[in-house]
Amino acid sequence: PDRLGRQPHRLLALLVLGVLLTVISILSTYVKREALDSDQFKKTSQELIASPAIQQQVAAELVDAFNSNVDLSAELEGRLPENLQALAGPLAGISGQLVDRAAQELVTRPRAQDAFVTISSEAQAQFVKVLHGDTRALETSNGNVVLDLRPLMLRLGDRFGFIEGYAAKFPEGSAQITI
């Protein structure tokens, strides 16, 4: 009787071990195929940036970075004749709406989407290097991996030619998304 009482515990232990190994196997296969395979990662990135929800989030991040680094009112005031400089504030408000619309349009364009895929693929390649022991390959910010959207910011800035020294206003790391 004692021996029969132990067998269900052994069966249960083997069942739990089998389920655990199955979950680990599925997870490792997923990571290998999705996160470590650069071609699959590119395909997944293309699918992500094609999603309207992701496009809205990326556009919102671009707008936030733009607003954090560019004082539209001051930029317009510097460009307007002295007698019209009082209009810089209201024009900046209108321009802010244009920045939002331009960012939304930008992330739907194929070139910008290709740039997003390139940016995310570079981050993935750096991550893989870290997994292989090259700890110099990836920088983190407060322990978080970040995606630098500066190339997209520069494309957004191409639409606003009145901003002097636009590229200098966005140094490395000024437009990032925490992954």
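## Basis of the model

The model is predicted; local features need pLDDT of at least 70 and side-chain atom pairs count only at pLDDT 80 or more, whereas totals for chains, interfaces and linings use all residues. Residues are numbered from 1 along each chain as its sequence is written, and side-chain values use heavy atoms, with hydrogens and water left out.

## Packing of α3 with α5

Two packed helices are described by the angle between their axes and the distance between the axes. Helix α3 spans residues 52–69 and helix α5 spans residues 88–106; helices here are DSSP runs (H or I, at least four residues), as strands are (E, at least two), numbered from the N terminus. The axes of α3 and α5 lie 9 Å apart, at an angle of about 140°. Axes are lines fitted to C-alpha atoms, for helices over the stretch in contact, and angles run from 0 to 180 degrees between N-to-C directions. The two helices are therefore oblique to each other; angles under 35 degrees count as roughly parallel, over 145 as roughly antiparallel, 65 to 115 as roughly perpendicular and the rest as oblique.

The crossing of α3 past α5 is right-handed, a term used if the near helix is turned clockwise from the far one by less than a right angle, and left-handed if anticlockwise. On the α3 side, Gln56, Ala59, Leu62, Val63 and Phe66 meet Val99, Asp100, Ala103, Gln104 and Leu106 of α5, where contact means heavy atoms within 4.5 Å. The residues of this contact comprise seven nonpolar, two polar and one charged. In this classification Ala, Val, Leu, Ile, Met, Phe, Trp, Tyr, Cys and Pro are nonpolar, Asp, Glu, Lys and Arg are charged, and the others, Gly among them, are polar.

## Packing of α3 with α7

The axes of α3 and α7 come within 10 Å and cross at roughly 75°, and the helices are therefore roughly perpendicular to each other. Val58, Leu62, Ala65 and Phe66 in α3 meet Leu152, Met153 and Leu156 in α7. This contact has seven nonpolar residues, with no polar and no charged ones.

Serine 95 is located in helix α5. Its relative accessible area is 10%, so serine 95 is buried; buried means under 20% relative accessible area, exposed over 50% and partly exposed in between (1.4 Å probe, protein chains only). Residues up to four places away in sequence aside, serine 95 touches Leu72 and Leu76.

Alanine 167 lies in the loop between α7 (150–157) and β3 (176–178) and counts as partly exposed at 40% relative accessibility. Beyond its neighbours within four places in sequence, alanine 167 is in contact with Arg150 and Leu154. Its C-alpha is 8.6 Å from that of methionine 153, a residue 14 positions apart in sequence.

## Salt bridges

Side chains of opposite charge can pair when their charged atoms come close. The structure holds two salt bridges, each defined by a side-chain nitrogen of Lys or Arg within 4 Å of a carboxyl oxygen of Asp or Glu. One joins lysine 169 and glutamate 75, at 2.8 Å from N to O. This pair links distant parts of the chain, 94 residues apart: lysine 169 is in the loop between α7 and β3, and glutamate 75 is in helix α4 (residues 72–79). Lysine 169 is partly exposed at 24% relative accessible area, whereas glutamate 75 is buried at 14%.

Glutamate 105 forms a salt bridge with arginine 109, with 3.8 Å between the closest N and O atoms. Glutamate 105 is partly exposed at 35% relative accessible area, and arginine 109 is partly exposed at 42%.
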